[in-house]
Amino acid sequence: METKTEIADIKENKTEVRDKPSDTGSPGTSSSKPAMSTKRGLDPSFRAARPKMKPSHWIIFIVISALLGFLVLYTILHVIDTSTGIARHLNAPSPVETVPVRRQTLEEVIGGSGSVEQAETVNLITQLTAKVLEVPVKIGDLVKKGDLLVSWDDRLIKATVEANREYVDADKIKIRNETRQVERYSTLQNKSMGSAVDLEKYEMALADAKIDLAKSTVSLQQAEIDLEHVKQLSPVDGIVLERLVNPNEFTKPGQVIMKLGVLNTVLMAAKMTEEKMHSVQLGLPAETTFPAFPSEVFKGTVAKIDPNIDPITRTFTTYIKIENPDFRIKPGLSGFARIHRTAKDVLAVPSIAIMNPSGEQSSVFVVDGTNHANLRKVRPGIVVDAMTEITDGVKEGEKVVTVGQFYLKDHDKVRTTFRSIFK
């Protein structure tokens, strides 16, 4: 029994020695390693002191993981739902938005700036060879019909008229004398008392007298006409554009002496962009405003369209006829014109539905009853407020694709999204 008791005492002493802190590493010892590190590596109470994750943290982690998974799944479904290429690869219908073709009234306004021109230019040409006495008008003057524009020296013309009258009278007397001679020699010839040679001579003299009378008559008429035109009066109401003669100058027949612009009506030459050439038509109503006349609107109509395109500005000229009875609107006045074009009860679709609208093969995708998108060529008309008239290619009520059409192929299976318009 003692032996067993001693053995137990020895084990107890060994245990106390292991539990007793080591002096290794304390001041005065020669060991370079602290004994505490060995103790911590072996002490299970130290491992139990590590922090543990709380249940609330696990809940937050699980919620965040679920949300991320949902977002990834939603993104995948959204890509499939919105991408035509992926939908076609998965043999699923491509998502598109559609709008039905409707009948409506489109009112287009085509605008352009420009300046006023005279509606007509009158060139005054003289037939007189005479000296100019007076030119009472200058460039820019407004003239009324019948106003004096140019006057010539008429003394020589009057003298020519008098001389030609005397020539005419003398030729008439000569004709009467020659006529009597012919009658007398004809009577003698009938009685076999005169010679045929004498009769023929007087007949020739009578013919020459008639020719002289005709010439003098023409000269007299020309002189009388010249006398009527020694004063050039304005043939129209207008404005003096050019004055080509001055006092004391001599004119000759066929010379242009003055140019007048007709102002009863004027033309507004407005520059329009080339893409509007198909919209502008003769007779369309128009409104013109001028900074010189604020808050006033002058109505007119399209009277002429220049078919030539300016290669620099890419514009063409449209001439709008405006009535101007009081001559307020003058050539050179700048302004802005608005041409109105109305297309009533026409088929129209949103402009974004049309592919290649400016080309020769404008087309749209039309969704049929089996939800297939069919490529259809169309002929576009006027464009107003993002709506385009369709003159050929679609029917009323058909659904055209407005979103997603550029990724479609002919006869693709499609699915109409909730953003589409059905009414």
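Mentor: Let us begin on the surface, where Ile60, Ile64, Leu68 and Leu71 form a nonpolar patch with about 390 Å² of accessible area together. Please keep in mind that this is a predicted model. Leucine 71, one of the patch residues, belongs to helix H4, which covers residues 55–82. With a relative accessible area of 49%, leucine 71 counts as partly exposed, because that label covers values between 20% and 50%.

Before we leave the surface, here is the wider setting. The protein has seven helices and 18 strands. Of its 423 residues, 30% are buried. Among contacts with a separation of 6 or more, 73% join residues 24 or more positions apart.

Now for the part I would like you to study closely: strand S1, residues 94–100. What kind of sheet does S1 belong to? S1 is part of a closed barrel of five strands, running S1-S17-S13-S14-S18 with mixed pairing. On average, neighbouring strands of this sheet are turned by 60 degrees against each other, with direction ignored.

Strands of a sheet pair through backbone hydrogen bonds, and the pairing is either parallel or antiparallel. S1 lets you see both kinds. With strand S17 (residues 399–403), S1 pairs in the antiparallel sense over four bridges. You can find this pairing in the model by looking at threonine 98, which stands opposite valine 401 in S17, and at glutamate 97, which stands opposite valine 403 in S17. With strand S18 (residues 412–416), S1 pairs in the parallel sense over three bridges. Here, look for serine 94, whose bridge partner in S18 is valine 414.

Is S1 buried or exposed? Seven of the seven residues of S1 are buried, so the strand is largely enclosed by the rest of the structure. Both faces are covered: Ser94, Val96, Thr98 and Pro100 are buried on one side, and Pro95, Glu97 and Val99 are buried on the other.

To set the barrel in context, look at another sheet. Three strands form an open sheet in the order S3-S5-S6, with antiparallel pairing. Strands S3 (132–134) and S6 (231–233) stand at its edges, each with a single partner strand, so one side of each has no neighbour in the sheet. The twist in this sheet averages 30 degrees from one strand to the next. S3 and strand S5 (residues 148–152) are joined by two bridges in the antiparallel sense, and valine 132 stands opposite tryptophan 152 in S5.

Finally, two residues for practice with backbone angles. Serine 295 is not a glycine, although its phi is positive, at about 65 degrees. This serine lies in strand S10, residues 293–305, and is exposed, with a relative accessible area of 81%. Aspartate 345 is another residue other than glycine with a positive phi, near 50 degrees. Aspartate 345 lies in strand S12, residues 334–350, and is partly exposed, with a relative accessible area of 49%.

Notes. Residues numbered from 1 in each chain as written. Predicted model: local features only at pLDDT ≥ 70, side-chain atom pairs only at ≥ 80, totals over all residues. Heavy atoms only, no water. Patch = residues over 30% accessible without salt bridge, like charges linked within 9 Å, V, L, I, M, F, W, Y side chains within 5 Å. Areas by Shrake-Rupley, 256 points an atom, 1.4 Å probe, with all protein chains shown as cover. Salt bridge = Lys/Arg side-chain N within 4 Å of Asp/Glu carboxyl O. Buried < 20%, exposed > 50% of the residue type's maximum accessible area, 1.4 Å probe, protein only. Pairing = 2+ DSSP bridges. Axes fitted to C-alpha atoms, helices over the stretch in contact; angles between N-to-C directions. Contact = heavy atoms within 4.5 Å.
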